[in-house]
Amino acid sequence: MYNFKNEYLNKNAPRPNYQVKSKLHRVFTNPLGQFALLGVILSLLQILNMMGIIPRDIMSSIAFVCIYAIAAIGFCLLLGYSGLASLGTAGFIGIGIYILYFGLVEWKLAGLLVPFIIVAIISIVLGFVIGFVSLRIEGIYLAIMTLALSEIIVKLLKTIKESSLRISPINLHFFGIIVNKDTIYFAVVVVLILLLIGTANLINSPTGRAMVAMKSSVSAAQAMGISLLKYRLLAFVISTLFAGISGYFYLAYLTSITPATSTILTLSMSLNILGAVIIGGAKSLWGTLFGTFFVYGFQSIFLQNIPFFQENPAFMVMATGFLIILVVMFYPGGFAQIFYNLKLRFKSAKMKWRTHRYGVEE
Amino acid sequence: MALKNKTKSASQYGFFTSKKIQALRKKISFYEARVTLYKDYKEERTLEINEAFQTKINNFLAKNKRLLLTKKYEHEDLEKQFNQTNKLAIDKYRIEMRRKFRIKREQIRRKIKRLRKKDVSQELIAFYENKIVLYEKFYNQKTEEYRNIRLLKFNDFIIKNQDFKLNIEAVDKLEAKLTKKNELFTIKHTKKRDQKLNRINVFCDKKYKKYQKKLESLRNLFEDTMANIPSDNILLAEDVVLGVENLCMFFGGVKAVNDLSFTVKKGEIFGLIGPNGAGKTTVFNCITQFNKPTSGQLYYRNVLGEVINLNKVAIHDIITHGIARTFQNLEIVKEVSVLENLLIAAHRQYQSNFFEHALGLPILRIEEKVIRRRADKILKFMGLSFYRDWFAWGLPYGVLKKLEIARTLMANPHLIILDEPAAGLNDSETKELADLIRKIRDEYKCSIFLVEHDMGLVMDVCDTILAISFGKKLAIGTAKEIQKNKEVQAAYLGVSEDE
């Protein structure tokens with residue numbers, strides 16, 4: 001009985017307009033809203049930690065993921081969008097660490113803000129110089145070149161000071177407000193979210209398109225008026241800047257490291273960042289975030305709570321390695337591709353439901 | 001001395017190379033772009049706002065109409081539908097019963113046949129024959145009963161729906177209410193729309209006036225400085241777009257282009273032909289600075305009538321002077337959509353800088369809106385609107401070829417350079433392409449310079465044809481002249497041994 005009515009209505013009345021969407025939908029589909037939501041969630045986690053609900057070790061590994069993610073998004077812009085492979089991340093992270101240490105301890109600067117500005121300026125200048133020298137070559141040769149330059153930088157830094165870098169907690173303050181390990185996390189989250197929004201804006205702007213064009217076809221890019229050196233240099237400088245900021249926050253969060261034994265100033269750091277970007281999906285910011293989480297946070301947050309892995313910690317690395325192999329084998333686009341496929345499925349199901357409800361569009 | 005130097009530079013490289021004038025030109029073009037931008041933005045926004053308003057009103061009206069329809073015609077429609085389903089069901093039932101009866105009859109008839117062979121009494125046979133009649137009656141009765149049940153149900157339904165029929169007054173009331181609602185809605189939203197339009201008008205006019213003022217003062221300054229420099233465009237005749245003089249391009253010992261000179265006139269379709277390896281693509285690469293010529297001069301007259309020495313222009317600045325090219329092997333950015341490919345071609349038309357992009361300021365959104373609209377127009381002109389949001393990856397070859405031409409149109413071209421546009425196309429597509437090339441020339445008022453192997457296309461389309469072989473000029477002229485030329489024939493067909 002009811003079916004007749006429906007049929008009648010569908011035949012004669014005009015269908016609803018699919019394009020009309022709510023304001024909330026618009027907020028969550030643009031990158032600004034999405035990343036702001038991520039920032040709110042991350043800071044809520046810290047508040048829960050301070051209330052004693054989330055354990056301290058899990059929170060610290062989340063903080064490290066956030067710090068590494070800053071370097072990873074810069075690298076994502078360089079590798080995924082501009083198509084330049086660089087292995088110099090560790091060197092630029094080291095510059096951030098050493099400048100913060102020297103600023104606070106040797107030069108006795110007041111507060112954390114002035115070292116931050118110095119880190120930004122020096123990494124931009126260094127990025128320009130190194131980029132100008134090395135960006136005339138492409139592909140694997142660029143990776144070798146940047147690797148060598150980064151090793152030189154690390155060696156130089158280590159000759160300056162190899163014993164432990166320790167900052168006294170009295171020096172850690174923004175505008176007179178003293179910060180500790182818990183509160184500096186909020187600064188990390190704010191900077192991460194701001195950089196994410198800026199990068200997302202760049203990617204969707206003519207600059208991002210120029211970078212993709214340059215990666216895909218050099219001669220087309222040149223014929224369309226895109227200066228190769230300008231955009232390569234831009235991408236390289238952005239990645240060095242982000243790496244420097246990441247190093248700065250690494251020391252600010254940890255307050256003391258010993259460069260001689262730390263893994264952060266070695267090739268494995270650069271390779272881990274490269275791996276995180278590729279596993280997550282080189283052409284997606286969300287994928288890069290997820291990849292960083294997978295490389296740095298997956299073991300300490302999930303696997304450590306399983307009794308089997310607690311007994312044999314050696315299997316933990318094997319398990320993550322096995323998962324990485326599976327992802328890269330079956331989804332070359334990384335985690336971003338898996339999510340994209342799921343999204344497509346969801347969309348097609350939605351379309352099916354619509355055709356069932358409103359009939360086929362003519 | 002200083003004056004002499006100045007005049008020399010102006011005459012040698014065109015006006016663009018004088019640094020002061022170059023900076024002024026850049027500023028002027030920036031302000032010009034801003035002025036046109038706000039003009040276009042105003043148009044675009046008014047169109048958009050009107051469209052949004054129309055759809056909003058239409059949706060609201062449709063919703064109300066649907067409400068009214070449900071009230072008004074529900075019962076009639078239900079009756080109709082019910083009647084029809086009744087008829088169908090009864091027919092189905094009757095046919096089913098008939099089928100069952102036929103099966104029974106067949107069974108009984110067979111039995112009678114068997115009995116007749118055995119010489120049984122006539123009474124038994126008559127009994128069975130009677131049985132058939134009885135069965136028929138039985139089934140007929142069954143169908144009749146079913147029909148009666150159905151009709152009874154229908155009557156019940158009609159009695160139930162009496163309320164509907166009697167409720168005409170309520171329908172009228174609803175209609176009056178809805179019309180009132182509609183009127184109120186339209187009034188409210190027209191007010192809103194007018195407010196929006198007003199805001200946009202005020203905003204755009206303000207910006208427009210501001211930039212217009214600056215532009216005028218700059219133009220005055222430009223004219224003053226230009227008056228001091230003696231103008232001599234002796235290098236190129238008035239109606240010539242591109243002049244190539246003694247162009248040589250050597251790759252080591254290979255002389256790809258050797259002492260070639262010709263001119264392309266304004267609004268002309270100029271064809272360059274020659275056997276494989278004659279150096280046609282090298283000529284193109286020299287013009288667009290992909291290869292720096294070994295020697296020789298390349299002069300170009302832009303839209304404003306100024307002469308530029310192309311050898312002094314960087315490779316990525318060529319497009320800003322209005323020279324756009326396609327490639328022999330498709331060079332398309334396959335990771336982005338068709339529309340975004342066009343936006344990449346318009347890269348130099350964005351006046352906003354890197355920081356404005358990173359911060360997502362409104363100027364970028366304004367520019368994006370205007371340029372996207374132009375891209376849509378060009379897609380429509382090329383017949384690619386269907387593929388607008390498709391990824392360029394995996395699109396058919398013909399579509400990609402068209403996309404490359406669309407990309408050149410996006411760059412505000414004054415001279416379009418086509419490198420083998422018909423390669424890989426079939427005959428009908430080639431014919432279409434010929435029409436398209438003429439259409440582009442007429443619509444966008446630009447000159448076209450093309451290399452092609454398809455002689456049919458070249459002879460059909462080109463006003464002037466230049467034939468070269470091993471980097472040297474063989475002949476230049478119209479299609480007929482070239483066909484008759486003996487040197488060209490020799491280069492294509494070879495020389496017979498007798499001669």
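In the predicted model, strands β3 and β9 of chain B pair in the parallel sense over 4 bridges. Helices (H or I, at least four residues) and strands (E, at least two) are DSSP runs numbered from the N terminus, and two strands are taken to pair if DSSP finds at least two bridges between them. Within this pairing, B:Leu272 stands opposite B:Leu466 of β9(B). Strand β3(B), residues 269–273, is also joined to β8(B), residues 447–451, by 4 bridges, and these two strands run parallel. Here B:Ile269 has B:Ile448 as its bridge partner, and B:Gly271 stands opposite B:Leu450. Strands of a sheet pair through backbone hydrogen bonds, either parallel or antiparallel.

Residues are numbered from 1 along each chain as its sequence is written, and chains are lettered from A and ligands numbered from 1 in the order in which they are written. Because the model is predicted, local features need pLDDT of at least 70 and side-chain atom pairs count only at pLDDT 80 or more, whereas totals for chains, interfaces and linings use all residues.

Burial was assigned from C-beta atoms placed from the backbone: a residue is buried if 20 or more other C-beta atoms lie within 10 Å of its own, exposed if 12 or fewer, and partly exposed in between. On this basis 5 of the 5 residues of β3(B) are buried, so the strand is largely enclosed by the rest of the structure. Both of its faces are covered, with B:Ile269, B:Gly271 and B:Ile273 buried on one side and B:Phe270 and B:Leu272 buried on the other.

The sheet of chain B is open and consists of 6 strands in the order β6-β7-β8-β3-β9-β10, with mixed pairing. Its edge strands are β6 (323–325) and β10 (472–477), each of which pairs on one side only. From one strand to the next the twist averages 15°. Helix α14 of chain B (residues 486–493) packs on the sheet and touches β9 (464–469) and β10; the direction of α14(B) makes about 125° with that of β10(B). Axes are lines fitted to C-alpha atoms, for helices over the stretch in contact, and angles run from 0 to 180 degrees between N-to-C directions. Two residues are in contact if their C-beta atoms, placed from the backbone, lie within 7 Å.

Two packed helices are described by the angle between their axes and the distance between the axes. In chain B, the axes of α7 (residues 338–345) and α9 (residues 362–382) come within 10 Å and cross at roughly 115°. The crossing of α7(B) and α9(B) is right-handed; a crossing is right-handed if the near helix is turned clockwise from the far one by less than a right angle, and left-handed if anticlockwise. Helix α7(B) contributes B:Leu339, B:Leu342 and B:Leu343 to the contact, and α9(B) contributes B:Ile371, B:Ala375 and B:Ile378. By class, these residues divide into 6 nonpolar, no polar and no charged. Ala, Val, Leu, Ile, Met, Phe, Trp, Tyr, Cys and Pro count as nonpolar, Asp, Glu, Lys and Arg as charged, and the others, Gly among them, as polar.

The contact between the chains takes 38 residues from chain B and 30 from chain A. On the chain B side, the elements giving two or more residues are α2 (19–117), α7 and α8 (354–359). Of these, α2(B) gives the most, with 11 residues. The chain B side has 18 nonpolar, 10 polar and 10 charged residues.

Chain A has 17 helices and 4 strands. Its C-alpha atoms fill a box of roughly 85 × 60 × 45 Å along the principal axes, and 40% of its 362 residues count as buried. Among contacts in chain A between residues at least 6 apart in sequence, 76% join residues at least 24 apart. A:Leu274, in helix α12 (residues 267–280) of chain A, is partly exposed, with 19 other C-beta atoms within 10 Å. A:Leu274 and A:Val328 are 54 residues apart in sequence and 13 Å apart in space, C-alpha to C-alpha.

The pLDDT, the predictor's confidence in each residue from 0 to 100, averages 85 over chain A, with 93% of the residues scoring at least 70. Over residues 1–18 of chain A it stays under 50, and the model has 18 contacts beyond four places in sequence for this stretch. Where pLDDT is low, the predicted coordinates should not be read in detail.
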